[in-house]
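User: Hi! I am new to this structure and would like to get to know it step by step. Could you walk me through a few questions?

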Amino acid sequence: MNGTMVIELLGGLGLFLYGMKLMGEGIEKVAGSKMKTILEWCTKNRLVGVIVGTIFTAIIQSSSATTVMVVSFVNSGLMNLMQAVGVIMGANIGTTVTAQIVSMDLDAIAPIFVIIGVVMIMFFKNETVKKVGEVVFGFGTLFLGMTMMKEAMAGIRDSAQLMSMLGSLKNPFFAVLAGLVLTTILQSSSATVGILVSMAASGLLEVSICFYIILGCNIGACTSAILVSLTGKKNAKRAALIHLFFNIIGSIIIIMILLPFGGQVESAINQISNTPGRAIANTHTLFKIFQVIILFPFARGLVKLTEWMIRGEDDRSEQYELKYIGMDTTASPAVAVLEVTNEIKRMGEIANYNLERSMDALMDKDRDIINEVFEREHEVDFLSRRITDFLVRVNEMLPISESKHIAGYFHVVNDLERIGDHAENIAEFAATRINEEIEFSEQGSKELQHMFDIMNKQVKLSIEAFTERNENHLKEIMELENEVDDLEKKYQKNHVRRMSKNECSPKAAIFSDLISNFERVSDHATNIAFATFREEEYI
């Protein structure tokens with residue numbers, strides 16, 4: 001085996017891996033927000049989770065990416081362990097689609113896909129067409145890489161030393177170990193199985209020994225999720241262990257069947273496969289389906305096992321923390337969109353609650369609530385900084401459907417932070433009222449409460465309109481803002497009239513500042529509602 005052959009082999013592997021990456025990322029950017037919705041379906045039941053995991057992984061061409069998402073969702077509380085186990089099982093089936101694709105003899109038409117992809121990327125301005133072009137280009141590149149690997153591997157048969165080394169893989173233990181190590185290095189079981197398809201097609205490996213290498217690949221595919229979970233919460237670690245135990249236990253069961261009946265299994269697979277490459281792909285699929293069928297009834301047992309191994313609850317080491325954005329979620333647009341939206345929603349709920357408590361402090365003259373508001377404002381500021389940092393990091397990798405709204409996400413975080421500031425202002429006015437013993441007239445108190453209630457309703461509807469992409473409330477939100485604007489003008493005049501008639505104390509001048517704050521909060525609420533919509537369409 002000379003240097004040229006090694007370069008061709010490595011070059012083919014590089015093209016193969018790059019093609020897989022382009023396909024997966026391109027599909028995610030085209031349909032990332034829709035896949036986010038698909039992932040949310042898995043909360044229904046475990047069987048639905050298996051179906052969702054299968055479909056999702058078949059689309060993005062990576063079980064590692066899916067399981068990393070699942071670990072992230074469990075870490076942030078978006079998914080529990082029983083829901084996660086179904087998706088993980090489905091991901092193991094979905095990942096076999098890649099092997100089925102690469103086992104097809106499409107080498108001759110691969111250049112056609114490459115040129116079509118290049119034309120779509122270079123000569124079309126529409127971003128969606130460009131991303132679809134990346135998928136097509138990645139598909140063609142993948143098969144070009146396969147062709148290069150097959151041609152390079154054909155020369156390996158002339159090397160007695162390498163053939164002897166490959167022959168040592170007849171030991172099932174070493175074969176499993178080889179699959180595990182190679183998959184851990186490549187971080188993709190699909191890539192490893194793709195290499196096996198090439199080697200089997202070139203006559204370098206027998207189908208029977210590939211059985212064991214595939215089982216090693218399955219175990220090695222758990223590496224990514226385990227590494228990601230190390231910095232996560234205990235439930236995230238449990239989710240990663242579920243993936244590992246599923247593959248280890250399933251592989252042990254299959255090995256126990258293969259050792260005495262391997263010949264019959266190989267014969268059955270060869271009967272449904274017309275080439276060695278197809279035999280490898282079909283083996284990969286059948287093994288995964290068999291594992292799911294055998295272990296699905298014991299899903300609860302897998303969860304219990306991980307809970308027994310990792311006991312207790314997480315200790316809160318920080319005063320404030322992100323709840324939904326966790327670990328390295330920038331690897332997937334679907335995860336990024338879902339988690340940042342939920343984190344912004346949480347920030348909005350905290351800011352809104354602080355607003356309500358500041359009003360309670362004002363009307364009840366309660367110093368304890370004032371201190372509570374000041375403390376919670378620090379959390380709002382913390383979330384504002386951390387969410388903004390996250391948005392900066394994920395800006396370039398969001399799906400097309402979301403990237404055009406990215407400026408709106410930044411504005412929403414800023415508007416929520418400003419609402420938090422106004423809540424703090426109201427709390428400060430509450431402190432002033434207590435310190436200076438300010439009393440409002442009965443009518444003034446009613447006006448403050450009435451205007452606040454309308455503004456507060458608008459804030460709640462605006463947060464819902466943004467996080468749920470709900471257009472139903474937009475006209476009502478605009479009507480509420482107009483009502484707040486009208487009330488601000490009306491109540492300013494009423495306040496001046498009461499002051500001129502000595503119906504309220506001169507100290508009650510903070511009334512004017514309070515309703516001005518209410519009106520500004522209303523403006524921020526409207527900005528939030530229309531962050532991802534065009535306001536002129538609802539005027």
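Predicted model: local features only at pLDDT ≥ 70, side-chain atom pairs only at ≥ 80, totals over all residues.

User: How many helices and how many strands does the protein chain have, and what percentage of its residues is buried?

Analyst: The chain has 22 helices and 0 strands. It is made of 539 residues, and the buried ones come to 56%.

User: How are helix 4 and helix 14 oriented to each other?

Analyst: The axes of helix 4 (residues 81-94) and helix 14 (residues 276-295) come within 8 Å and cross at roughly 160 degrees. An angle over 145 degrees counts as roughly antiparallel. Therefore helix 4 and helix 14 are roughly antiparallel.

User: Which residues of helix 4 meet helix 14, and how does the contact divide into nonpolar, polar and charged?

Analyst: From helix 4 come Met89, Asn92 and Ile93, which meet Lys288, Ile289, Val292 and Leu295 of helix 14. Sorted by type, the residues of this contact are 5 nonpolar, 1 polar and 1 charged.

User: Is Glu428 buried, partly exposed or exposed?

Analyst: Glu428 sits in helix 19 (residues 406-435). Buried means under 20% relative accessible area and exposed means over 50%. Because the relative accessibility of Glu428 is 40%, Glu428 counts as partly exposed.

Technical notes:
Residues numbered from 1 in each chain as written. Heavy atoms only, no water. Helix = DSSP H or I, 4+ residues; strand = E, 2+ residues; numbered from the N terminus. Buried < 20%, exposed > 50% of the residue type's maximum accessible area, 1.4 Å probe, protein only. Axes fitted to C-alpha atoms, helices over the stretch in contact; angles between N-to-C directions. Parallel < 35°, antiparallel > 145°, perpendicular 65-115°, else oblique. Contact = heavy atoms within 4.5 Å. Nonpolar A, V, L, I, M, F, W, Y, C, P; charged D, E, K, R; others polar.
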